[in-house]
Amino acid sequence: MKTIKLKFNNINQVINNTITILKSNGLVIFPSDTVYGLLCDATNEQAVKKLIKFKNRPPGKAISVFCNFELFNKLVKINKQQQKIIKEILPGPFTVILLSKHQVSKSLESEKGSLGIRIPAFQLINRLIEEFGKPLTATSANLAGRSAHYSINTLLNEIPDKKKDLIDLIVDAGNLPRNKPSTVVDLTQSDVKILRQGDVDFSRSKIFLSKSSEETKNIASRVISNEVRNLAKRKSHKPLIFIIEGELGVGKTVFVKGLGESLGIKNIISPTFVIYYEYGNFYHFDLYRIEEKEEFKHLGIEKLLIPGNILCFEWGEKAGEIFDLLKSKGEIIYIKMKYINERERKIIVKD
């Protein structure tokens, strides 16, 4: 069992090592947008049997797969109504259940012939799928019936040595944000069914589309106005906390500028060379350069969590170490930003 620590300067090495293991029927513990996952080649029967042995998975219980949009139509049957829903929620923390075209191991499908599909808003897995060219298993890296894991240490402490022997590679990205596993949406029938609720509520989350920086700012202005009204209605005295996730260049800083400008703050700049800037009671954090949990201790965030303050965290994926603190002291609003194409962005808002 080999372990690689994921860093900003070794992503190519991580991808190459992972693909080598996957091609040799191996199992890989890998970070995702929700929890640590257990990856193998979903088309390889030998690898899938090894995965099921690790999980202690009951026979007949389905296992989802990661893919991209190019592979999607090759794996499952889809009609126009289903396609419309999928475009609204993917990429993102959703698993969609559709009738399989039987292009993966039959052990991954349900007894009814359906297959769970995930297209995550997570660049590392998306790149891995792109370069590997095949679907990968998308199950969480825990034994059946046990809790999902957000750190490699807790995972290794839970599993016996015989299970560890089945793992070929661990990609350690440190402590992941404490997101729930994906929301599972069954689209096999005309009525949409939620089989498992994750962090993003399929029915309650708000989805916006933006075609320009100005539209992104306007959406941000509407969001913060709505949240301020909600605080007043609830008579809450907690600070507002925006956790903003999304790939490089998707427009996270533009969204923060929209939040600030709606409050009369015109000079917001990206805190590229520092962790945060302060604009009165408005705090703009960029967690991109945070690599160790000890770095959070020097920021004094707890002192900023007071009534009337607004804290915005870009690269919110890295806020796992302080998530419990933020949740206990403030009102959290999740913003997930995704590319649709070169010009368009999808902005998902959940409070």
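My notes start with the ground rules and then go from the whole chain to single contacts.

**Ground rules**

I am working with a predicted model, where local features need pLDDT of at least 70, side-chain atom pairs count only at pLDDT 80 or more, and totals for chains, interfaces and linings use all residues. Residues are numbered from 1 along each chain as its sequence is written, and side-chain values use heavy atoms, with hydrogens and water left out.

**Whole chain**

I looked up the secondary structure and found 12 helices and 18 strands. The radius of gyration is 21 Å, close to the 20 Å that the globule rule gives for 351 residues, so the chain is as compact as a globular protein of that length. For my own reference, that radius is taken over C-alpha atoms, and the globule rule is 2.2 Å times the number of residues to the power 0.38. Along the principal axes, the C-alpha atoms fill a box of roughly 60 × 45 × 35 Å.

Next I checked burial: 52% of the 351 residues count as buried. Buried is under 20% relative accessible area, exposed is over 50%, and partly exposed is in between (1.4 Å probe, protein chains only). The accessible surface comes to about 17,100 Å², and 49% of that belongs to carbon and sulfur atoms. The areas are from the Shrake-Rupley method with a 1.4 Å probe; for residues, only the protein chains shown count as cover.

I also took contacts, meaning heavy atoms within 4.5 Å. Of the contacts with a separation of 6 or more, 67% are between residues 24 or more positions apart.

**Helix α9**

I picked α9 (residues 252-261) and found it mostly covered, with seven of its 10 residues buried. Helices here are DSSP runs of H or I with at least four residues, strands are runs of E with at least two, and both are numbered from the N terminus. The buried ones are K252, T253, F255, V256, G258, L259 and G260. What do they pack against? I noted α8 (213-234), β13 (240-245), β15, β16 (310-314), β17 (331-339) and β18 (345-350).

**Salt bridges**

I count a salt bridge when a side-chain nitrogen of Lys or Arg is within 4 Å of a carboxyl oxygen of Asp or Glu. The structure holds 11 of them. As a reminder to myself, side chains of opposite charge can pair when their charged atoms come close.

- K50 pairs with D168, with the closest N and O atoms 2.7 Å apart. K50 lies in α2 (residues 45-55) and D168 in the loop between α7 (161-164) and β9 (169-172), so the pair ties together parts 118 residues apart in sequence. I have K50 as partly exposed at 21%, and D168 as partly exposed at 27%.
- E245 pairs with K336 at 2.8 Å between the closest N and O atoms. E245 lies in β13 and K336 in β17, so this pair ties together parts 91 residues apart in sequence. Buried or exposed, these two? Both E245 and K336 are buried.
- D161 pairs with K164, the closest N and O atoms being 3.8 Å apart. They are three residues apart in helix α7, separated by about one helical turn. D161 is exposed at 56%, while K164 is partly exposed at 21%.
- E214, K217 and E261 are linked in a network of salt bridges.

**N25 and its contacts**

I found N25 in the loop between α1 (11-23) and β2 (28-30). Its side chain makes a polar contact of 2.6 Å with the side chain of N44, and one of 3.3 Å with the side chain of Q46. A polar contact is a pair of N or O atoms within 3.5 Å; within protein, one must be able to donate a hydrogen and the other to accept it, and residues adjacent in sequence count only if both atoms are side-chain atoms. Not counting residues up to four places away in sequence, N25 touches N44, Q46, A47 and K50.

**S105**

I looked up S105 in the loop between β5 (94-99) and β6 (114-118). S105 is buried, with a relative accessible area of 1%. Leaving aside neighbours within four places in sequence, S105 contacts A42, T43, E45 and V48.

**A nonpolar patch**

Last entry: F8, L248 and Y288 make a nonpolar surface patch of about 290 Å². Patches are made of residues with over 30% relative accessible area and no salt bridge, joining like charges within 9 Å and nonpolar side chains (Val, Leu, Ile, Met, Phe, Trp, Tyr) within 5 Å. I placed Y288 in the loop between β15 (282-286) and α10 (294-297), and Y288 counts as partly exposed at 31% relative accessibility.
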